[in-house]
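Dear colleague,

I am handing over the structure below, together with some notes on what was found in it. Please read the notes with the coordinates open.

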Amino acid sequence: MSIRLGDTAPNFRVQTTEGEIDFYEWMGEDWAVLFSHPKDYTPVCTTELGAAARLKPEFAKRGVKVIGLSVDPLEDHQGWSRDIEETQGVGLNFPLIADSDRTVADLYDMVHPNADDTLTVRSVFVIDSQKKVRLTLTYPASTGRNFDEILRTVDSLKLTSEHQVATPVNWKHGDDVIIVPAVSNDQAKQKYPEGWREEKPYLRYVPDPSK
Ligand code: BEZ
């Protein structure tokens, strides 16, 4: 069954490179980015795990934990993590799920048989502290993901959770944001007494309220 935005993220108990975890317990009060890799000892995945490890402090600053998954056994993950450290200049600093029986891959619909009937696609799930799925991405095995973009989506999701705003095309932290249509001008006057930049009645910009 596919997982859609707003669904509750299924819980699971699995072996990882950091021991056995219960996903919900491991998340605690934080958000999580859960992402799958097609296979251990593969080149694109190696670069992605290095990028995710480098960005871990940025995710942590935002109250977000990262966790990877591959449908290979723990022994393979352990050997591969040495290669990641050697080639990417940074070691795995978050858990990598050993999902050789595909428990999690099946729960999260990460195997797309018409793309490949054994390997997982490159799935990303951003899950909030209430365990709701807030964002999903799906890439094919041959296209490495952009982890800066995943971080950017977290910034947008956190901002839009806390303020009644949306983020425009190519937005990044600190750029102006959009007042959502559900907020009337009268309500906007209360929230933004300094006013807003109105390009159309439905296109109203204010500075990033988190700045
Ligand atoms: C890779 O990570 O490089 C990869 C994995 C599976 C298929 C193609 C590429």
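Predicted model: local features only at pLDDT ≥ 70, side-chain atom pairs only at ≥ 80, totals over all residues.

Residues are numbered from 1 along each chain as its sequence is written, and side-chain values use heavy atoms, with hydrogens and water left out.

The ligand is surrounded by Pro 38, Thr 42, Pro 43, Val 44, Cys 45, Arg 122 and Ala 141, where a residue counts as near if one of its heavy atoms lies within 4 Å of the molecule. Helix H2 (residues 43-61) gives the largest share of this shell, three residues; helices (H or I, at least four residues) and strands (E, at least two) are DSSP runs, numbered from the N terminus. Oxygen atoms of the ligand lie 3.0 Å from a polar side-chain atom of Thr 42, 2.9 Å from a polar backbone atom of Cys 45 and 2.9 Å from a polar side-chain atom of Arg 122. Of the 260 Å² of accessible area that the ligand has on its own, the protein covers 77% (Shrake-Rupley method with a 1.4 Å probe; for residues, only the protein chains shown count as cover).

Turning to helix H3 (residues 74-88), His 77 is found there and counts as buried because its relative accessibility is 0% (buried means under 20% relative accessible area, exposed over 50%, partly exposed in between, with a 1.4 Å probe and protein chains only). The side chains of His 77 and Asp 40 are joined by a polar contact of 2.6 Å, that is, a pair of N or O atoms within 3.5 Å, of which, within protein, one must be able to donate a hydrogen and the other to accept it, and residues adjacent in sequence count only if both atoms are side-chain atoms. The buried residues of H3 also include Trp 80 and Ile 84, and what covers the buried residues of this helix includes H2, strand S4 (64-70) and strand S5 (96-98). After H3 comes Gly 89, with a positive phi near 75 degrees.

Arg 102, in the loop between S5 and helix H4 (103-107), counts as partly exposed because its relative accessibility is 24%. Lys 131, in the loop between strand S6 (122-127) and strand S7 (133-139), is buried, with a relative accessible area of 12%.

Best regards

Definitions and conventions. Contact = heavy atoms within 4.5 Å.
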